[in-house]
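Please examine the model shown here alongside the explanation that follows. The text begins with a single residue and then widens its view.

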Amino acid sequence: MAALRLPRAPASAALAGAAVPHSLPTPAQPPPVRVPNTAHLNALLTAYGRHGRIRDAQELFDRMPRRDVISWTALLTAYADAGDPASARLVFDDMPRRNAASWNALLTLYLRAGGGRFTAAAHALFAKMPAKNAVSYGAMITGLARAGMLREAQAVYGEMPRQWRDPVGSSAIITAYLRAGELGMALRVFDGMAVRDIFSWSAMVDGLCKYGTVSEARKLFEAMPERNVVSWTSMIRGYVKRGMRRDAILLFLDMRNEGVQVNAMTLSVVLDACSEASLVREGIQIHGLIIAMGFEMNVFLGDSIIIMYSRFGLMVNARRVFSFMEQKDIVSWNSLITGYVQNNMIEDAHVFFKLMPERDAVSWTSMVVGFANRGWMREATDLFEQMPGKDGVAWAAVISSFVANGDYVNAVRWFRRMSKEGCEPNTVAFSCLLSALGSLAMVNRGLQAHAYAVYMGWVFDSAVHTSLVTMYAKCGRLAEAHLVFSSISNPSLIATNSMITAFAQHGLAEDALELFNRMQNDGQRPNHVTFLGILTACARAGLVQQGYNYFETMRSVYGIEPNPDHYTCMVDLLGRAGFLAEALEMINWMPQKDYPDAWAALLSSSSVHSNLAFAKLAAQKLLEMDPYNATAYTVLSNLLSSAGMKDDEEMLKIAQMSNMASKSPAYSLIIQEKTNTD
């Protein structure tokens, strides 16, 4: 076989450095070592931190052949974003060189962690910073404000160089003032700003909605040079919070017409507006818009839709939304269960309660309230006993349920038990205690409770001071009730209503009417409870014409539709004055003509004026609704007796029925149970 001959390489190749056939082959040269690009590794390190991959970030940092200040800051920021102050501080202390971003990252972490220790550490760190910038000052002001240290935040703002104040620093101090409710100070800073950004404008719009007037907020909103989804949402939310739900819907339509892209928060606020104003058609349309925009998978919005349909009473729709949700959190389950409870569908609520993959305090408390609303206090307390972690809200729910069911003795007992078992009473539970003590006329215990409220600093709580007024009034201590009310610098509508009702129940009509006029002069708008107190005052004082005028102005001036209780007050007002025919006519005007309290008021007035004809009619209506109404039989029996009909057949029949009613099955059952327990 012929030997294989390699072709001779051209001379040009040899000249070019190619291997010559007769020479030994040149060994392959190893590729040059490539040092990783520090900037690339820094970017990867930052990405790990943003995605919470702290271990990967630390391992990458340890392997980096070269590190610069950006590398150290990226690792520090990763620990800061993960909420690990100790590790972040170790990195900070080891840094060979620091920049403004390093200082700001640790400063922001301390301020975000909150608490006295971390706030003090942030203060110390801020004082040591060699070169502060606008971000440092802004973070410090915001953090101090969040910790409730407004004066310290104000001092930092005062130290801030003027060229950095606007817009970052000024926006931060505006937010701080608004957080503390100091609208005037916030407006002063805002008016003095040389440069405003969309955040400062939006903050002021939100602040005016909360602490000023909606009209002022709207003027500022219209003056904004540019508006984004945050500012639109703030204005819409302002309308909703002030009860101006239709205005909120109209503004939302303007937002859509201007082409502003809404987000989940905007849609949630609009859903709240629809549900609170019972705008069923509009709410369904918003639900359709959410589906069209592709937000139907948003758990937050799904929960809001369930809540909306529950408030509408459309539990079939709420259940359907819940069923179609691919992701459900515990809020979703609680929203549906609470909806069933609010619509008195306790059996359905209990089914879903048992199906829940996990339960929290809200789940348990909702079911406790549901059972209690049905009057099933044994089931409610049994469920409460099974509750793994009983918080103050759950205890307050049980105590308030006893009050709502008229079991004031157990309300007091369970409040004592709450304290004995180490659960700190809250203002809600304490207000329920005061209500129970007032209903039991336990004035000495009420005085002790008042002293406890002073010790706890609760006397300025709206619910507590209102309950104190009501408690003293029920105990017949009107002077103390008025003293508590007078000590409130800015009484709530509920407190004012309580005082008006107290005056009315004690026959002090002039004081009730004077307070009614004063509350309107102070800018308070009366509600249905206010008018209930005013009509009661007029009825007790025999002020027929005035009472009738107030009743007429409810609808015409204040837009308040009278409910059965208001009509009952008018029946009482007219009946007491002897206008029995007019009282009967008032009952005939009522939308709900089978309201027992109204007929009971007419029966009482007929008895006072010894009018047997009207008494017979009222008693007949009451007995049609409740055949065992002993009061109706007794009043009618007394009237017949007074009319000299003792031996009358009708009189004997009434007396017999009265005796039977006094031994009704419900009454006998109570006696039997009491006897058995004895």
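Val443 lies in helix 27, which spans residues 443-456; helices here are DSSP runs of H or I with at least four residues, strands are runs of E with at least two, and both are numbered from the N terminus. At 17% relative accessibility, Val443 counts as buried, because buried means under 20% relative accessible area, exposed means over 50%, and partly exposed lies in between, with a 1.4 Å probe and protein chains only. Apart from neighbours within four places in sequence, Val443 is in contact with Cys475 and Arg477, where contact means heavy atoms within 4.5 Å. Val443 and Gly476 are 33 residues apart in sequence, and their C-alpha atoms are 8.8 Å apart in space.

This is a predicted model, in which local features need pLDDT of at least 70 and side-chain atom pairs count only at pLDDT 80 or more, while totals for chains, interfaces and linings use all residues. Residues are numbered from 1 along each chain as its sequence is written, and side-chain values use heavy atoms, with hydrogens and water left out.

For the chain as a whole, the secondary structure comes to 40 helices and zero strands. Of its 678 residues, 44% count as buried. Among contacts with a separation of 6 or more, 55% are between residues 24 or more positions apart. The chain exposes about 36000 Å², and carbon and sulfur atoms supply 54% of that area; accessible areas come from the Shrake-Rupley method with a 1.4 Å probe, and for residues only the protein chains shown count as cover.

How are two packed helices described? The description uses the angle between their axes and the distance between the axes. Helix 24 (residues 392-404) and helix 25 (residues 408-420) pack at an angle of about 160°, with axes 7 Å apart; the axes are lines fitted to C-alpha atoms, for helices over the stretch in contact, and angles run from 0 to 180 degrees between N-to-C directions. Helix 24 is therefore roughly antiparallel to helix 25, since angles over 145 degrees count as roughly antiparallel, under 35 as roughly parallel, 65 to 115 as roughly perpendicular and the rest as oblique. On the helix 24 side, the residues that meet helix 25 include Trp395, Ile399 and Phe402, and their counterparts in helix 25 include Trp414, Phe415 and Met418. The residues of this contact divide into ten nonpolar, two polar and one charged; Ala, Val, Leu, Ile, Met, Phe, Trp, Tyr, Cys and Pro count as nonpolar, Asp, Glu, Lys and Arg as charged, and the others, Gly among them, as polar.

A cis peptide bond joins Asp166 and Pro167, with omega about 0°, and Pro167 is placed in helix 10 (residues 162-179). Ser278, although not a glycine, has a positive phi of about 55°. Ser278 sits in the loop between helix 16 (264-276) and helix 17 (280-292) and is exposed, with a relative accessible area of 52%. Asn344, also not a glycine, has a positive phi of about 60°. The loop between helix 20 (330-342) and helix 21 (346-355) holds Asn344, which is partly exposed at a relative accessible area of 40%.

Two further helix residues complete the account. Ser366, in helix 22 (residues 361-373), counts as buried at 12% relative accessibility. Leaving aside neighbours within four places in sequence, Ser366 is in contact with Ile337, Thr338 and Val341. Arg555, in helix 33 (residues 544-556), is partly exposed, with a relative accessible area of 41%.
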